[in-house]
Amino acid sequence: PYCARADIYESILEPTTIGEFTISDKTGMFSHFNFSEEIICIKFTTYEDNPKGYVSYDFSIIKTDPVVTTPDDKGVVYKLTGVSRESLKSTTLKNVPITREKIECENMVRAYIEPANLLDSKKQLYAEKTKGLHTFVMNNITPFEAIDQVRMKAVSQKYEGSAFVFFENSRGYHFKSLEALVDEGLKNIGDKYYIQSTLAKVDVTGSKWRNILAFKAITGVNQTVARTIGGGKNRVVRLNIKTREYEEFAQDSGRLNFVQLNKGASSSSLKAQEKINKDDGSITVLQYDPDKENNDYADKANKLPYYLTHFLTTVVQLTVYGDSTVSIGDVITCEIPEHDALPISENKPYVDSSPVIAGNYLITKCRHVLTFSEKAEYMQALEIV
């Protein structure tokens with residue numbers, strides 16, 4: 001009865017989920033309450049008969065905004081921010097591994113996350129198999145920082161780009177490459193279909209389709225997001241610290257095999273990436289010890305920007321009615337009409353789907369919005385690529 005609103009933020013670019021809660025108190029219940037010692041537990045679903053459909057989190061409170069009075073001056077409002085327990089605990093753990101040599105990336109991630117380990121987590125971990133052995137020196141950093149180092153060096157056994165991400169959603173923790181998320185998502189796409197109708201009275205609630213309430217295509221984000229994941233320029237030079245010899249890598253984008261969300265998709269930004277690569281500005285020099293590392297991380301670093309530039313061509317923000325079975329890392333299908341919204345002819349009164357922005361998308365960000373006024377409402381704001 002006290003929670004007026006809950007916003008839960010999930011992103012494949014963030015290792016933890018963040019919860020923001022608005023608490024309205026007109027009874028003085030929380031006058032002498034220390035929120036930092038409390039945990040907010042939230043569990044909700046749109047499918048009561050599906051145990052896997054529940055969104056469930058326990059948030060440790062890390063921030064309480066200054067108390068403000070309600071507009072009618074009959075109570076006060078608290079705004080609280082919380083994170084998952086693993087994230088909070090990670091900040092307090094330092095100097096855990098001093099040096100670990102020749103260890104598989106996914107085993108190091110498991111060492112931090114799985115039960116009876118450093119973070120004492122009961123959550124599931126989904127880690128993609130990697131290849132190659134590396135040396136990691138991790139003194140005086142937190143477990144989440146260590147996993148981020150592993151993420152940047154991890155090379156997939158199956159995919160070329162190996163753009164690894166580490167994130168939490170309601171199903172657990174995921175250490176996966178974007179390629180694996182795309183591949184798995186297309187196999188498990190199920191009935192995750194969304195449609196933006198130009199007909200005001202159309203009702204798709206009785207079918208497998210879901211309504212798109214608001215839609216916005218975003219341009220010019222390729223390089224910004226790509227750099228976050230590990231892209232950017234790909235002028236890569238490898239330095240053998242034993243022989244002190246330099247080896248330069250180069251890729252022909254036409255020879256790379258991309259994992260694609262949409263069959264036959266092409267990216268005009270690949271040529272832009274090649275122009276960036278020809279810039280004589282910065283060159284990435286990667287040192288490696290052949291006695292301790294047997295995987296070609298330089299090859300990954302060279303291919304990765306091409307893959308990310310191709311992958312992030314179309315970025316869209318949309319708002320839909322909440323569906324608790326849909327989360328970040330999922331693949332959905334969107335039917336988007338041409339923006340002119342004009343019927344094609346009398347014999348064809350509907351509007352064709354856009355050949356540019358309709359199709360399959362990977363959900364990279366999700367904000368679950370729950371409001372509790374006269375009735376409870378659940379919306380989702382998604383960022384998809």
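Predicted model: local features only at pLDDT ≥ 70, side-chain atom pairs only at ≥ 80, totals over all residues.
Figure 1. A disulfide is a covalent bond between the sulfur atoms of two cysteines. How many disulfides does a search of the whole structure find? The search finds zero.

**Figure 2. Helix H2 and its buried face.** Helix H2 covers residues 105-113, and Cys 105 from the previous view is one of its buried residues. Asp 120 belongs to the loop that runs between H2 and strand E8 (125-127). Although Asp 120 is not a glycine, its phi is positive, at about 50 degrees. With a relative accessible area of 39%, Asp 120 is partly exposed.

Figure 3. Helix H3 consists of residues 143-153, and its buried residues are Pro 143, Phe 144, Ala 146, Ile 147, Val 150 and Arg 151.

Figure 4. Strand E16 runs through residues 236-240, and because five of its five residues are buried, the strand is largely enclosed by the rest of the structure. In a regular strand the side chains alternate between the two faces of the sheet. In E16, Val 236, Arg 238 and Asn 240 point one way, while Val 237 and Leu 239 point the other way, and all of these residues are buried. E16 pairs with strand E18 (residues 284-288) in the parallel sense, over five bridges, and in this pairing Asn 240 stands opposite Tyr 288. With strand E17 (residues 246-248), E16 pairs in the antiparallel sense over three bridges, and here Val 237 stands opposite Glu 248.

**Figure 5. The hairpin of E16 and E17, with Arg 244 in its loop.** Five residues lie between the two strands of this hairpin, and Arg 244 is found in the loop that joins E16 to E17. Although Arg 244 is not a glycine, it has a positive phi of about 60 degrees. How accessible is Arg 244? Its relative accessibility is 48%, so Arg 244 counts as partly exposed.

**Figure 6. Pro 66 in the loop between strands E4 and E5.** Pro 66 is located in the loop between strand E4 (55-64) and strand E5 (68-69). Its relative accessibility is 67%, and because the cut-off for exposed is over 50%, Pro 66 counts as exposed. Pro 66 and Tyr 78 are separated by 12 residues in sequence, while the distance between them in space is 7.2 Å, taken from C-alpha to C-alpha.

Figure 7. Rolling a probe the size of a water molecule over the atoms shows where empty space is left. The structure holds two cavities of 30 Å³ or more, and the second largest cavity has a volume of about 40 Å³. Which residues line this second largest cavity? They are Lys 52, Tyr 54, Ser 170, Arg 171, Ser 324, Thr 325, Val 326 and Ser 327. Sorted by class, this lining has two nonpolar, four polar and two charged residues.

**Figure 8. The largest pocket and the elements that line it.** The largest pocket has a volume of about 470 Å³. Of the 18 residues that line this pocket, the closest to its centre are Arg 171, Asn 188, Lys 192, Thr 325 and Asp 330. Strand E13 (172-177) and helix H4 (178-187) each supply at least two residues of the lining, and the largest share, three residues, comes from H4. By class, the lining of the largest pocket divides into five nonpolar, seven polar and six charged residues.

How values were computed
Residues numbered from 1 in each chain as written. Heavy atoms only, no water. Buried < 20%, exposed > 50% of the residue type's maximum accessible area, 1.4 Å probe, protein only. Helix = DSSP H or I, 4+ residues; strand = E, 2+ residues; numbered from the N terminus. Pairing = 2+ DSSP bridges. 1 Å grid on protein atoms, 1.4 Å probe; cavity = no way out; pocket = protein on both sides within 12 Å on 5 of 7 lines; lining within 4 Å. Points joined across faces, edges and corners; volume = space filled by probe spheres on them. Nonpolar A, V, L, I, M, F, W, Y, C, P; charged D, E, K, R; others polar. Disulfide = S-S within 2.5 Å.
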